[in-house]
Amino acid sequence: MILLAKTKSKNERNSKSDGLSLFLIDIRESLGSGMTIRPIETMINHSTTEVFFDNLEISHDSLIGKENEGFKQVLNSMNAERILIAAECIGDSNWFIQKAVDYAKDRKVFNKRIGENQGIQFPISRCYADTEAAKLAVYNAAARYDAGKACGTEANIAKLLAADASWNSANACLQTHGGFGFAKEYHIERKFRETRLYQVAPISTNFILSHIAEHKLGLPRSF
Ligand SMILES: Cc1cc2nc3c(=O)[nH]c(=O)nc-3n(C[C@H](O)[C@H](O)[C@H](O)COP(=O)(O)OP(=O)(O)OC[C@H]3O[C@@H](n4cnc5c(N)ncnc54)[C@H](O)[C@@H]3O)c2cc1C
């Protein structure tokens, strides 16, 4: 486990991000001697847990990088995580779009394939356009990350747009399937639940918008 922990007291810290350090923790050694892990049942296929620390002792060599500079280090890996999740959302979005297209070509209502109706086509086309645009934002963020350039805002924007694209595609796909969208055998309801996560984790939409407001638009800090 990679753990970010406070290593300075509140009055010793120069800023909110100062005084945090990163540690590499061996879970097997720590369980039962200062660390407790409790699984949380969730609506998604993701093993999620609560972790409790109570006087966990760790050795000096578990420190990663520089003491008290852990926040800067973890931010860098968070950008990579956001870009990775954004790419996952693009894949999800394309899956929903393809599934919707296949069904719309096949399903007949009133002797007509539902995909012949523009009321069915247009939401799917909109999702396709949004997904293509989000993909460019993901590639842009990934290219900046690979080149070692600052990419905090770009990674956030990629995650925001890709998560929105996949969520909108999930809704369009479910709607296209009508009642069968809720049937487990089509797997849409499962993917629908899973892609909903990315409006919240690893960073919630509101926090991305707040980052853009403050760091890109120069609006006053709100928290
Ligand atoms: C399945 C799953 C896996 C996860 N895995 C990890 C993991 O591996 N590591 C890890 O560190 N974390 C993990 N998380 C935690 C995840 O990063 C947080 O749930 C997420 O960042 C949101 O934080 P929170 O739950 O504390 O929400 P809160 O901060 O309690 O916010 C609740 C809601 O209020 C909104 N909100 C809060 N403050 C403001 C404000 N000032 N203005 C406007 N809106 C606001 C938020 O956007 C959110 O919608 C995971 C979460 C889930 C569900």
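Which side chain has an N or O atom 2.8 Å from a nitrogen atom of the ligand? The points below, which concern a predicted model, begin with this contact.

1. The side chain is that of Asn206: one of its N or O atoms lies 2.8 Å from a ligand nitrogen atom. The protein covers 39% of the accessible area of the ligand, which on its own has 970 Å².

2. For Ser204, a side-chain N or O atom is 2.7 Å from an oxygen atom of the ligand. For Pro202, the atom concerned is a backbone N or O, at 3.3 Å from a ligand oxygen atom.

3. The shell around the ligand includes Ile44, His46 and Thr48, as well as Leu197, Val200 and Ala201. Pro202, Ser204 and Asn206 also belong to this shell, together with Phe207 and Phe223. By class, the shell residues comprise seven nonpolar and four polar, with no charged residue.

4. Elsewhere, three strands form an open sheet in the order S1-S2-S5, and their pairing is antiparallel. Strands S1 (2–6) and S5 (63–64) are the edge strands, each pairing on one side only.

5. Strand S2, residues 20–24, pairs with S5 in the antiparallel sense over two bridges. Leu63 in S5 is the bridge partner of Phe23. In general, the strands of a sheet pair through backbone hydrogen bonds, in a parallel or antiparallel manner.

6. Helix H2, spanning residues 70–106, lies across S1, S2 and S5. Relative to S2, helix H2 runs at about 60 degrees.

Key: Residues are numbered from 1 along each chain as its sequence is written. This is a predicted model: local features need pLDDT of at least 70, side-chain atom pairs count only at pLDDT 80 or more; totals for chains, interfaces and linings use all residues. Side-chain values use heavy atoms; hydrogens and water are left out. Two strands pair if DSSP finds at least two bridges between them. Helices (H or I, at least four residues) and strands (E, at least two) are DSSP runs, numbered from the N terminus. Contact means heavy atoms within 4.5 Å. Axes are lines fitted to C-alpha atoms, for helices over the stretch in contact, and angles run from 0 to 180 degrees between N-to-C directions. A residue is near a molecule or strand if one of its heavy atoms lies within 4 Å of it. A polar contact is a pair of N or O atoms within 3.5 Å; within protein, one must be able to donate a hydrogen and the other to accept it, and residues adjacent in sequence count only if both atoms are side-chain atoms. Accessible areas come from the Shrake-Rupley method with a 1.4 Å probe; for residues, only the protein chains shown count as cover. Ala, Val, Leu, Ile, Met, Phe, Trp, Tyr, Cys and Pro count as nonpolar, Asp, Glu, Lys and Arg as charged, and the others, Gly among them, as polar.
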